[in-house]
Amino acid sequence: MGLQIAFWVLALIAVGSSAGVILQKNLFRAALLLVVCFLASAGIFVTLSADFLAAVQVIINVGAVAILIIMSIMLTREVTRGSPSNRLGAPAFVISALIVFILVFSILTTAWPISGAEPAQPTTSVLAQILIGDPGFILIIQMSAILLLSTIIGAIVLMKEK
Amino acid sequence: MLSEFSLIALFILIVMGFATTLVLIPQALKKIGIVPSKPSEVKYEPYECGLETIGETWVQFKIRYYFYALLLITLDITVIFLYPWAVELKNLGSSSLGVIFSFIGILAVGYIYAWRKGALEWK
Amino acid sequence: MEIRTDSTSLDIDRHEGNLIKELRSSSTKPVTEPSGWLSEDLKRNIFLTTVDNVLNWGRKSSLWTETAFTACCTFEFISLSSSRFDIARFGMEVLRSSPRHADLIITAGTLTWKMAPQIKRVYEQMAEPKWVIAMGACGITGGIFADSYSVVPGYNRILPIDVYIPGCPPRPEALLAGIELLRKKVEKRSFLQG
Amino acid sequence: MPELITVGAAISPNLPWSDWQFGFWIHLLIFGIGIISLLLGSVIIFIWLERRLVGRFQRRLGPNRAGPLGLLQSVADVIKILTKEDIVPSRADKLIFWIAPIVAFTPVVLMLAVVPVADGALLADLNIGILFVIAISSITALGVFMAGWASYNKYSILSAMRTVAQLVSYEMPLILSMVGVVIIAGSLSLNDIVKTQTVPFIVLQPAGFFIFFIASLAEINRTPFDLLEADSELVAGYNIEYSGMKFATFYLTEYCEAIVLSTLAATIFLGGWQGPWLPPIVWLLLKIGIVFCFIVWIRSTLPRLRIDQVMGFAWKFLLPLAILNIFVTSIFVALWPETPAWLMGLTNLAILVAYILFWSKLFKPGGKAVAV
């Protein structure tokens, strides 16, 4: 019962705020609405018993990505005005409606397997066992390290250009 | 676990309610007349040490701030790998040391490169 | 409110000159202190309620000073806020740089017409309730520079002054006595009176 | 209060989700109201304590006119600031201007939800306790930024940008300094971490505590890292345009942050509520007080740093030290699980000292002047 209420409240907040992100002209307010959306989706992770993932969602998306977005907003000139209107409104609407239709269709027609098992209690240790334990995803971890390395180098190059 | 998070969720509401009341108390007191209110045009202009403000405030800032935010994201993702490993280290044993050390080692290359290129200097 | 977008420094200078001229012509007479406008009859009839007492106690016990000091009397204020005289005993060691947070502006020292619009603006941007102390001979009448073309003859031309502290410069003890006077004045304010 | 805590502890262990009952709400009420009132009470006491202590450090008396020993000084401040005029600048983004104090205040209080005041007596014993604290603390930067941006003031927005850059830089050492503790404790829950501290972790992890303390000083913008309100450069920081109760909320938030970080330092490194003879909550409050006095001591001793020094300190000094600390601790725990505590602590301390000596050779005081 409580879970249902929590889910619907969080889902409504998430959908509402992400609609606001698109409709809001003021870029800064749009970024803040995006933060609300991130927080609501972290809440949804919690209702799915994925507490570690929820914390990660807040640390990465709210703590870092939102700051990054705000910093990049500070790089733009017209913060309060947003992007000017153009003629692509109608095609964009058609394409996004198509995507929504495909998404809803595939969600409704897929037979979702539901696990009967109890959710693992401290999710972190299970996650560590799967990631780093035997056999683990060691190659993938190293590849993500290289991805992050390229991000750092890219950031340095970006800054040196200025 | 869920009951714990429901406590947290309700606590968020309590704290937000408390903070909102704090901010709104002066509005109520203004109605009684305890909080004074003497609006004037000059009062509502930005305070810049007594001078009038010239030009827009919401202007472009430099890209340096953006660089630090990018660096934060990469390191935050590192942390995501570090914490589960730290919790389970006693059970994972010494074999996991190599994985994480090489992971940090690869990132350290980027760190040293940034240092050598002078990207860590604040200019 | 409109935002100025002057392109050259000449424009800025011209604008400032106009401001000063305007201020100068409009302030030939001293500004009276607010409660001075009240009639004697009304002054005698003000009575303080418990709410007033509590509010005034709070206000007099935490007078935060705005750091807007124009000239040399400041050194006496610095001396007052450091260890020998210790203004912190009255809860006044909190110096705020923003007029939005401050309650008190101590106008220490000579004020030139060039600086006058800024001081007036700082005063106007302070949040109510607010008080002003005029410190030193220059603050009261312009002092030895009273006849100068560039010096404002007393802060009371542009601001309503609550307490005057004579001296050139006043010793920290004198400033302390002035602050005591101001605290007594704050105590007597009724919020019904405004 | 101790009775209430024991009631809470008795109700607390492992509430089932279906228990939407009496116990749940009592627990929420006791701890919710308890945390907020304890926090506000300690803010009032600690503001007085700080002003008196700073006075003593500067051979002054400090506030002593309002009430006995000046104890009512903070009350007077509250009364005054509550009845100050409320100013909203005409060009400000009014909605964000109003929300910003709330956004800044809420996460700070939330961090206390996972701190135990006795064994098992806490609002919510999360499995991800430390990660929860980190996640919540990363939101505080948003409140500051919202305030600075919405004010439509050049100084406040510059201050907010600087603050965010500083918070971002010191977040990394702060997060990494706690990894060593997590490695030794083997759990993220703060309750478990306190329980494993038969020896306080400051003995096992002096380097970790050193990084944690410095990084948290920077996170709460305390001296020597109080660049955001460097009044010689930036007027009064991100809250220039705030007056009255909205400004007071930011002021309150700053002190709450100081207290919360003292609490976390006490809980993670100083053994939390553990201690002989006295009841647990008294021990916790005592330790918080000690850490807070230490912060005040630092405030009245050190001058303010320059922005390039602040950033360089985070990236060039603290970050490598934090990584080094993780390396050493993990090698000890993984390869020699039975290491005696003193050996581990001594090694850690030796590394810290050697590192500081090495780095002090590398950096010279003075250096070049920089622009903002």
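**Exercise 1. Determine which residues D:Phe209 touches, leaving aside residues up to four places away in sequence, and whether D:Phe209 is buried or exposed.**

Solution. Once residues up to four places away in sequence are set aside, D:Phe209 touches D:Ile202, D:Ala265 and D:Phe269. The structure examined here and in the exercises below is a predicted model. As a third step, compare its accessibility with the cut-off, which is under 20% for a buried residue; because D:Phe209 has 15% relative accessibility, it counts as buried. Finally, take D:Asp308 as a reference point: between D:Phe209 and D:Asp308 there are 99 residues in sequence, and their C-alpha atoms are 24 Å apart in space.

**Exercise 2. Describe how helix 10 and helix 12 of chain D are arranged, and which residues make the contact.**

Solution. Two packed helices are described by the angle between their axes and by the distance between those axes. For helix 10 (residues 206–219) and helix 12 (residues 244–269) of chain D, the axes come within 11 Å and cross at roughly 170°. Angles over 145 degrees count as roughly antiparallel, and therefore helix 10 of chain D is roughly antiparallel to helix 12 of chain D. The next step is to list the residues in contact: helix 10 of chain D contributes D:Gly208, D:Phe209, D:Phe212 and D:Ser216, while helix 12 of chain D contributes D:Leu261, D:Leu264, D:Ala265 and D:Phe269. Sorted by class, this contact has 6 nonpolar and 2 polar residues, and no charged residues.

**Exercise 3. Characterise chain D as a whole by its helices and strands, its burial and its contacts.**

Solution. Begin with the secondary structure, where chain D has 15 helices and 0 strands. Then turn to burial: of its 372 residues, 65% count as buried, and the accessible surface of chain D comes to about 12800 Å², with 73% belonging to carbon and sulfur atoms. Lastly, consider the contacts in chain D with a separation of 6 or more, of which 77% are between residues 24 or more positions apart.

**Exercise 4. Describe the contacts that chain D makes with chain B and with chain C.**

Solution. Taking chain B first, 70 residues of chain B are in contact with 92 residues of chain D, and the area buried between these chains is about 7400 Å², of which carbon and sulfur atoms give 78%. On the side of chain B, B:Trp58, B:Tyr83 and B:Trp122 supply 11% of the area buried against chain D, more than any other three residues. Turning to chain C, the contact takes 35 residues from chain D and 34 residues from chain C, and the two chains bury about 2900 Å² between them, 57% of it on carbon and sulfur atoms. In chain D, the residues that lose the most area to chain C are D:Arg60, D:Lys80 and D:Lys84, together 21% of what that side buries.

How values were computed. Residues are numbered from 1 along each chain as its sequence is written. Chains are lettered from A and ligands numbered from 1 in the order in which they are written. This is a predicted model: local features need pLDDT of at least 70, side-chain atom pairs count only at pLDDT 80 or more; totals for chains, interfaces and linings use all residues. Side-chain values use heavy atoms; hydrogens and water are left out. Axes are lines fitted to C-alpha atoms, for helices over the stretch in contact, and angles run from 0 to 180 degrees between N-to-C directions. Helices (H or I, at least four residues) and strands (E, at least two) are DSSP runs, numbered from the N terminus. Angles under 35 degrees count as roughly parallel, over 145 as roughly antiparallel, 65 to 115 as roughly perpendicular and the rest as oblique. Contact means heavy atoms within 4.5 Å. Ala, Val, Leu, Ile, Met, Phe, Trp, Tyr, Cys and Pro count as nonpolar, Asp, Glu, Lys and Arg as charged, and the others, Gly among them, as polar. Buried means under 20% relative accessible area, exposed over 50%, partly exposed in between (1.4 Å probe, protein chains only). Accessible areas come from the Shrake-Rupley method with a 1.4 Å probe; for residues, only the protein chains shown count as cover. Buried area is the accessible area (1.4 Å probe) that two parts lose on being put together, summed over both.
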